[in-house]
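Biologist: Could you take me slowly through one part of this model, the nonpolar core, and explain each term as you go?

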Amino acid sequence: METQKKKLAEHKIVKEPYYLPQGNEIELALAAQRHKLPLLLKGPTGCGKTRFMQYLAWKLDRPLITVSCHDDLSTSDLIGRYLVQGNEAVWIDGPLTLAVKAGAICYLDEIVEARKDTTVVIHPLADDRRELPIEKLGAFYAAPEEFMLSVSYNPGYQSILKDLKPSTRQRFVSLSFDYPERSLETRIVMHEAGIDEEFAAQLVHLAHMTRGLKESGLPEGASTRLLIQAGLLAQ
């Protein structure tokens, strides 16, 4: 129990993250949370989806448990598994189980990268049942009101093989993200990289040029995250 409390404390965001809204995404997310609806964030990499979730967790005063999905992510990685400690097998909760028990926010980043059989485990949590079945324990955990499930993916990389099933996608409230408009992106780069407005505006202008090269063989242009990194390195 003490170990779990310590883990949750590490996931609590105590300082307000710097986030500038592009529209009414904050109001929509708060409405979804009030009605116990899960969130699906769609948008290109580095456009602010993770920062948005950090801001939302801070605003709701809930721990944010983030899982970066990949091809080898198994159901046990999410839910938990038995581990041998000394002479006995001890059950260790996975990040999803930990979030459900604590009423935290569980954010599955790039959900389409996970195996199809792994994503099915979130279905009971993403509909009106709001429960997590754990077959190995023979148990069902009902999610408290504070619990929120959120996933994200990049539609620019989607394919027939890597896309969300309709049965998964239709369970979520979808929020579409894109790179901020020029003046907003300039302010973000200025603040995060600690550079002046003129230099930030030059970086943003360059990024917009690269984002228009899809037809010329560049699948995705410079992201806001990349501009911030460039600004930090330039210093």
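Modeller: A nonpolar core is a set of buried Ala, Val, Leu, Ile, Met, Phe, Trp, Tyr and Cys residues joined through side-chain atoms within 4.5 Å, where buried means under 20% relative accessible area, with a 1.4 Å probe and protein chains only. This is a predicted model, in which local features need pLDDT of at least 70 and side-chain atom pairs count only at pLDDT 80 or more, while totals for chains, interfaces and linings use all residues. Residues are numbered from 1 along each chain as its sequence is written, and side-chain values use heavy atoms, with hydrogens and water left out.

The largest nonpolar core has 32 residues, and those with the most contacts inside it are Leu96, Leu108, Phe147 and Leu149. At least two residues of this core come from each of strand S2 (64-68), helix H4 (75-79), helix H5 (95-102), strand S5 (105-109), helix H7 (123-126), strand S6 (131-134) and strand S8 (148-153); helices (H or I, at least four residues) and strands (E, at least two) are DSSP runs, numbered from the N terminus. H5 gives the most to this core, with four residues.

If we look closely at Leu96 and leave aside its neighbours within four places in sequence, Leu96 is in contact (heavy atoms within 4.5 Å) with Leu78, Cys106, Val121, Ile122, Leu125, Leu132, Phe147 and Leu149. A second, separate core of 20 residues includes Leu39, Tyr55, Met148 and Tyr179. In soluble globular proteins, nonpolar side chains tend to be buried together.

Elsewhere, the axes of helix H9 (residues 182-193) and helix H10 (residues 197-210) come within 9 Å and cross at roughly 125°, the axes being lines fitted to C-alpha atoms, for helices over the stretch in contact, with angles running from 0 to 180 degrees between N-to-C directions.

Key. Buried < 20%, exposed > 50% of the residue type's maximum accessible area, 1.4 Å probe, protein only.
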